[in-house]
Amino acid sequence: MKTKQLIFTILTASLVCILAVACKANADTPSKVNVDKDVIVAIYSTFNNEGVMDTVSPCLLEETVHVSELLHYSGDEGLTMPFNLSDTTKFAEITATNLDKRIVIVINGQVISTPVVKMRLDNGACSVVLDDVQVTKLFPNVNMEILKSKNR
């Protein structure tokens with residue numbers, strides 16, 4: 001009898017864990033908005049000029065990329081813009097030579113992000129988080145409030 005109770009307890013606990021993981025996975029699913037737009041992405045290195053980060057020219061990499069969608073994760077203020085750079089070899093080289101340094105990501109001529117590179121990226125995958133002003137400038141047809149309200 002104790003064996004049956006133990007098995008029942010283990011199965012019940014396992015089921016609760018599975019349901020908890022499934023619910024958590026659904027909670028992290030972002031809202032999406034299709035944008036289907038080409039943008040020009042440029043990446044620059046930086047240098048510290050007496051405490052101020054300056055951009056170093058010439059550009060390390062510039063190419064037109066297609067952005068198919070923007071993502072909004074619950075609790076985030078901005079929208080994530082994922083994209084893929086086609087020159088994966090050059091992007092891997094840039095990330096490898098700038099480890100623990102800031103790079104500048106410019107989209108359509110405006111500085112969007114200045115992340116610190118933490119690892120070499122070999123597949124060309126990149127993303128930036130856009131604030132409301134950046135989204136409005138780059139994707140004027142996107143209604144920020146409707147998108148954010150879907151994920152509250």
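Is C59 buried, partly exposed or exposed? C59 is partly exposed because its relative accessibility is 25%, where buried means under 20% relative accessible area, exposed over 50%, and partly exposed in between, computed with a 1.4 Å probe on protein chains only. C126, by contrast, counts as buried because its relative accessibility is 15%. If a disulfide is taken as a pair of cysteine sulfur atoms within 2.5 Å, the count comes to 0 disulfides.

The model is predicted, so that local features need pLDDT of at least 70 and side-chain atom pairs count only at pLDDT 80 or more, while totals for chains, interfaces and linings use all residues. Residues are numbered from 1 along each chain as its sequence is written, and side-chain values use heavy atoms, with hydrogens and water left out.

**Salt bridges**

A search of the whole structure finds 3 salt bridges, a salt bridge being a side-chain nitrogen of Lys or Arg within 4 Å of a carboxyl oxygen of Asp or Glu.

| Pair | Closest N and O atoms |
|---|---|
| K90 and E93 | 3.4 Å |
| D100 and K118 | 3.6 Å |
| R120 and D122 | 2.5 Å |

K90 and E93 lie in helix α2 (residues 88–97), and because they are 3 residues apart there, about one helical turn separates them; helices (H or I, at least four residues) and strands (E, at least two) are DSSP runs, numbered from the N terminus. K90 is partly exposed at 25% relative accessibility, and E93 is partly exposed at 41%.

In the remaining pair, R120 is partly exposed with a relative accessible area of 45%, and D122 is partly exposed with a relative accessible area of 47%.

**The two sides of helix α2**

Within α2, the residues F91, A92, I94 and T95 are buried. Seen down the axis of α2, these buried residues fall within an arc of 160 degrees, so they line one face of the helix; the arc is that of the directions from the helix axis to the C-beta atoms. The buried residues of α2 pack against β1 (31–49), β2 (52–72) and β6, where contact means heavy atoms within 4.5 Å. On the face of α2 turned away from its buried side sit the exposed residues T89 and T97.
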